[in-house]
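The questions below go through one protein chain step by step.

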Amino acid sequence: THFGRVNLTLFKTFPDAGLKISDVYVVNPMAGAPSDTVAYIGDLTVGVDVKKYLKEKEVLVHQVLLDKVNASLYVDSLGNSNFDIFPHSDKEKDTTESNFSLDSLPDIDLRKVKISDLGAAFISAQNKMEAVVYDLDLTVVGKLAEGRVDADLDLDIDSLLLATADSTGASKIDAKLDDTKLSLKAEGNLDEVAGKLKLEVE
């Protein structure tokens, strides 16, 4: 993984202080993959609550902005993937019972998560499946506090292509969706979230 320029910005993330990183590359060469580059992000900007940091020395992220994103995801016939980039631990998995509960989740205040101009391709040689998305825009604004969620999501996809085949490759199914829009507004307790969902497909 490598990146280009790193700059501070106040205008794009106001009233938060922003850290903008340009030309982020995630590279993982793999035999059979169409590209050595797993993902490219033209601009990655993170907005941090300055007052929170100055007063309490706590880093609180309010905004995450990604612009001009390209991804090339590949799974070979044995199930190995080029996006499995994190080293695995040699330690045995902990099989003890987990005490996780929804109430244990920390409070989250995301004023904006935005992905602009995303293009991605996924190819699975193992399942003989391909998916390609062109020009995806996603915006999420949400808050989680004391087990209660309030969130808005807007998704706009210019074009989505899907293709799959049987194990012999003789029978194929193709599908295409253009100008797909999805809006979701959700609120309520985590164990019982209610909301409105709107889907438009051409």
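Q: In which strand is Leu-160 found?
A: The model is a predicted one. The strand that covers residues 148–165 includes Leu-160, and this is strand 7.

Q: Is Leu-160 buried, partly exposed or exposed?
A: A residue counts as buried under 20% relative accessible area and as exposed over 50%. Leu-160 has a relative accessibility of 22%, so this residue counts as partly exposed.

Q: How far apart in space are Leu-160 and Ala-131, C-alpha to C-alpha?
A: In sequence, Leu-160 and Ala-131 are 29 residues apart. From C-alpha to C-alpha, their separation in space is 7.4 Å.

Q: Which residues does Leu-160 touch, not counting those up to four places away in sequence?
A: Residues up to four places away in sequence are set aside here. What remains for Leu-160 is Val-132, Val-133, Ala-175, Lys-176 and Leu-177.

Q: Which residues make up the largest nonpolar core?
A: Residues of such a core are buried and joined through side-chain atoms within 4.5 Å. The largest one has 11 residues. They are Ile-21, Val-24, Ile-41, Leu-66, Val-69, Ile-115, Leu-118, Val-133, Leu-136, Leu-138 and Ile-157.

Q: Which strand gives the most to this core?
A: At least two core residues come from each of strand 2 (17–27), strand 4 (61–75), strand 5 (108–124) and strand 6 (129–145). With 3 residues, the one that gives the most is strand 6.

Q: Which residues does Val-133 touch, not counting those up to four places away in sequence?
A: Val-133 belongs to the largest nonpolar core. With residues up to four places away in sequence left out, Val-133 touches Leu-118, Gly-119, Ala-120, Ile-157, Ser-159 and Leu-160.

Q: Where is Lys-12 found, and is this residue buried, partly exposed or exposed?
A: Lys-12 lies in the loop between strand 1 (6–9) and strand 2. Its relative accessibility is 41%, so Lys-12 counts as partly exposed.

Q: Which residues is Lys-12 in contact with, leaving aside its neighbours within four places in sequence?
A: Lys-12 and Thr-45 are 33 residues apart in sequence, with 8.7 Å between their C-alpha atoms. Beyond its neighbours within four places, the contacts of Lys-12 are Thr-45, Gln-63 and Leu-65.

Q: In what order do the elements of the protein chain run from the N terminus on?
A: The secondary structure comes to 1 helix and 9 strands. Read from the N terminus, the order is β-β-β-α-β-β-β-β-β-β.

Conventions:
Residues numbered from 1 in each chain as written. Predicted model: local features only at pLDDT ≥ 70, side-chain atom pairs only at ≥ 80, totals over all residues. Heavy atoms only, no water. Buried < 20%, exposed > 50% of the residue type's maximum accessible area, 1.4 Å probe, protein only. Helix = DSSP H or I, 4+ residues; strand = E, 2+ residues; numbered from the N terminus. Contact = heavy atoms within 4.5 Å.
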